[in-house]
Amino acid sequence: MLKLLFLQIIINVTHYARFDGEIPLKVARKKSSFFTSTEKLSGSDIVYDFCQYAKDNSLKIFFLGGYEDSNKAAVEIVREKYGIEIDGYSPTYEKYPFSDTFAENCISRISSFKPDIIFVGFGAPKQEWFIEEQFEKLNAIGIKYIIGSGGTFEFVSGKIKRAPAWISRIGFESVYRLLQELNIARLKRIFYSFRFFKYINHKPDWKENC
């Protein structure tokens, strides 16, 4: 419970948060007018905006996480398409909490490249914990933007096909992905995601105190 509370504080207070799911967004809008003007923003959409931004401003991007083959392919595709300086690293899979060696290897690879923008694709909530725990080190490197991006690298690389627009509009993207990655873990994630609904308050407490 304390971990969930701390995660809620991280997302609500210390970072910008976005909806990456049509059904949760519709439920939030129905429960509270606070979310009326909120829009859905997927990591697999925003990554291209940042790539273009990096190109226009001569910035460097780093992809951290994802499957090794997806990470490498995504880096090459972005480099060829946008002509920007980009690198990536896919560490050996670990469950959270991450070991010191895991974190040190990630920071070392990032530090040697010195990116301006980093996408962290460990999946929620591991990527959020990593960003929070390593924030001071990432900030010291000079990183301007740190984005938790889930499975974005799999989409960018083409390893996983994105759902058609009409499926996205009705909120069945997770089901579409399940059909491409038919396994128990993916099915559990869909059921687990329903727990999200009980955390949608009428209005976040931190907003009332602003």
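What does the accessible surface of the protein come to, and what percentage of it belongs to carbon and sulfur atoms? It comes to about 12,900 Å², of which 56% belongs to carbon and sulfur atoms, with areas taken from the Shrake-Rupley method and a 1.4 Å probe.

Before going on, a word of care: this is a predicted model, in which local features need pLDDT of at least 70 and side-chain atom pairs count only at pLDDT 80 or more, while totals for chains, interfaces and linings use all residues. Residues are numbered from 1 along each chain as its sequence is written, and side-chain values use heavy atoms, with hydrogens and water left out.

The protein has 12 helices and four strands, these being DSSP runs (H or I, at least four residues, for helices; E, at least two, for strands) numbered from the N terminus. Of its 210 residues, 40% are buried, that is, under 20% relative accessible area with a 1.4 Å probe and protein chains only.

Let me turn to one pair of helices. The axes of α10, residues 173-180, and α11, residues 184-193, come within 9 Å and cross at roughly 170°, the axes being lines fitted to C-alpha atoms over the stretch in contact, with angles from 0 to 180 degrees between N-to-C directions. The two helices are therefore roughly antiparallel to each other, a term for angles over 145 degrees. Their contact (heavy atoms within 4.5 Å) is made by S174, V175, R177 and L178 of α10 together with R186, L187 and I190 of α11.

Finally, S157 lies in helix α8, residues 152-157, and is buried, with a relative accessible area of 15%. Leaving aside residues up to four places away in sequence, S157 touches S70, A73, A74 and I77.

Notes. Buried < 20%, exposed > 50% of the residue type's maximum accessible area, 1.4 Å probe, protein only. Parallel < 35°, antiparallel > 145°, perpendicular 65-115°, else oblique.
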